[in-house]
Amino acid sequence: MSDTSSSFRVAREDLSRFMQAVLAVAGADKASADAVTRALVTASRMGTDSHGLRLLPHYLLALKGGRINGAPDMQFHQRLAATGFLDADDGLGHLAGYTAMEHAMAMAEKVGMGAVAVGNSSHFGAAGCYALAAAERGYLGMAFCNSDPFVLLHEGAKPFHGTNPIAFAAPVTGESPYLLDMATSSVPWNRVQQFGAIGRELPDQVAADAAGQVSRTPNDVAALLPLGGSAFGFKGAGLGGMVEVLSSMLSGMQHGFRLLPMGGPDMSTPRGVGHFFLVMKPDAFVDAGTFARGMAEYLADLRAQPASNSSQISAQVMAPGDREWRCQAQRDAEGIPLDSANQLAYAEIAEQYQIAPLIQLD
C-alpha cells in the first residue's frame with residue numbers, strides 16, 4: 001500500500017476481510033468483529049467517511065488498552081412488553097447497537113413498538129446503521145447516542161454536549177429506505193479530524209477555537225457549533241439535550257459532559273456510553289399497505305419538486321438517504337476510496353497485526 005494517491009480504492013469484500021481479521025487478532029470475538037465490520041463498511045459504502053473505515057485504528061487502540069471488552073457478556077432485561085435495558089458489558093458499541101435493535105424489533109413484532117436503552121457501552125460509529133437495520137426488515141427505526149463534550153451550548157464558551165446523533169429510517173417498498181442520520185452539532189467531530197488529515201478547510205459556522213470564536217482551520221478547532229451555527233444554535237443545542245436525556249438518563253449512565261474523552265489519553269477505563277433505540281411496526285398504526293402507499297406518494301411528490309435556481313446546474317431535490325444510496329451504488333461498482341492518511345494507517349495496521357494488506361483495485 002505504498003500508493004498514496006486519491007485513486008486508491010478497495011473492494012468492500014476485501015475491506016470486510018481485513019477488518020474482521022485484524023479485530024480478531026486484537027481480541028474481539030466473532031460477534032463483535034462482525035458487528036464492527038458491518039457498521040464501518042456500511043458507513044463507508046454510503047460515503048459517510050467520517051464514521052466509516054477511518055475509525056478502525058481507534059477501536060484497535062481501545063481494545064489494546066483495555067477500555068473496550070472484546071468478548072462481552074451482554075445481558076438484556078425486558079422491563080415491560082415494549083421496553084428493555086441492555087447492559088453492554090463495556091463491549092463494542094456496534095455489537096450493542098445491533099443487539100439492542102434485534103430485541104426492539106422482536107418486541108415491535110409482538111406489540112407494535114419496542115424501545116431499548118443501552119448502558120455500559122462504547123462508541124458505535126454511525127447511528128444510521130442501526131436505524132437502517134430496522135428499516136431493512138420493514139420497521140421504522142430510530143437511534144440516539146450520547147458522547148463526550150465537543151459542542152458549545154448556544155452562546156456558550158466551552159463544550160458541553162457531545163455530537164449526540166439522531167438517526168431515523170423508514171422502509172420504502174421496492175426502494176432503499178428513507179434514511180436520516182445527523183449530528184446535533186453542525187458537523188460531527190470526526191469530520192474535523194478527517195479534514196485536518198487531508199489538509200482541507202472547514203465550512204463556515206461549524207466549529208470554534210478555544211476562545212469560542214468561529215474557526216475554519218481544523219488544527220485550531222477546540223469545539224463544534226450546535227446545529228444552526230452562531231445565530232440559531234439554540235435549535236441544535238436543544239436537540240442535543242433531548243438525545244442526552246434519552247441516552248443517558250434512561251440508561252442510568254453519566255451524561256456526556258462527564259464522560260471520559262473518546263480520544264484518550266486514558267485507553268484503559270471504560271467510558272459508559274449510553275444509547276437509545278426505538279422500533280415501530282407500521283401496520284400496528286394503520287391498515288396493511290397504507291403506510292407503504294403513503295411513503296410512495298410522499299417521496300414521489302418530494303422528488304418532483306424543482307431545484308432552486310441558486311443551486312448547482314445538476315442539482316435536484318433529494319430525500320434523506322438518496323445521496324447515500326447513489327454513493328453506495330458507485331462505491332460497490334468502483335470500490336471504496338482511502339485517502340492518503342487512511343492508506344498509511346491501514347498499511348501500518350497490516351504490518352503490526354501481520355494481516356494481508358488491502359488490495360488496490362485496478
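In which helix is the place of Gln328? In this model, which is a predicted one, Gln328 belongs to helix 9, the helix made of residues 322–334. Its relative accessibility is 16%, and because a residue under 20% counts as buried, Gln328 is placed in that class. If its neighbours within four places in sequence are left aside, Gln328 is in contact with Arg45 and Met46.

Arg45 also falls within helix 2, which covers residues 30–45, and this helix meets helix 4, residues 93–111, where the two axes come within 8 Å and cross at roughly 85°. An angle from 65 to 115 degrees counts as roughly perpendicular, and helix 2 and helix 4 are therefore described as roughly perpendicular to each other. On the side of helix 2 the contact is made by Ala31, Ser32, Ala35, Val36, Arg38, Ala39 and Leu40, while helix 4 contributes His94, Leu95 and Tyr98. Sorted by class, the residues of this contact are seven nonpolar, two polar and one charged.

In general, a pair of aromatic rings is described by how far apart the centres are and by the angle of the planes. The structure holds ten aromatic pairs.

Terms used:
Residues are numbered from 1 along each chain as its sequence is written. This is a predicted model: local features need pLDDT of at least 70, side-chain atom pairs count only at pLDDT 80 or more; totals for chains, interfaces and linings use all residues. Side-chain values use heavy atoms; hydrogens and water are left out. Rings of Phe, Tyr and Trp (its six-membered ring) pair if their centres lie within 6.5 Å; planes under 30 degrees apart count as stacked, over 60 as edge-to-face and the rest as tilted. Axes are lines fitted to C-alpha atoms, for helices over the stretch in contact, and angles run from 0 to 180 degrees between N-to-C directions. Helices (H or I, at least four residues) and strands (E, at least two) are DSSP runs, numbered from the N terminus. Angles under 35 degrees count as roughly parallel, over 145 as roughly antiparallel, 65 to 115 as roughly perpendicular and the rest as oblique. Contact means heavy atoms within 4.5 Å. Ala, Val, Leu, Ile, Met, Phe, Trp, Tyr, Cys and Pro count as nonpolar, Asp, Glu, Lys and Arg as charged, and the others, Gly among them, as polar. Buried means under 20% relative accessible area, exposed over 50%, partly exposed in between (1.4 Å probe, protein chains only).
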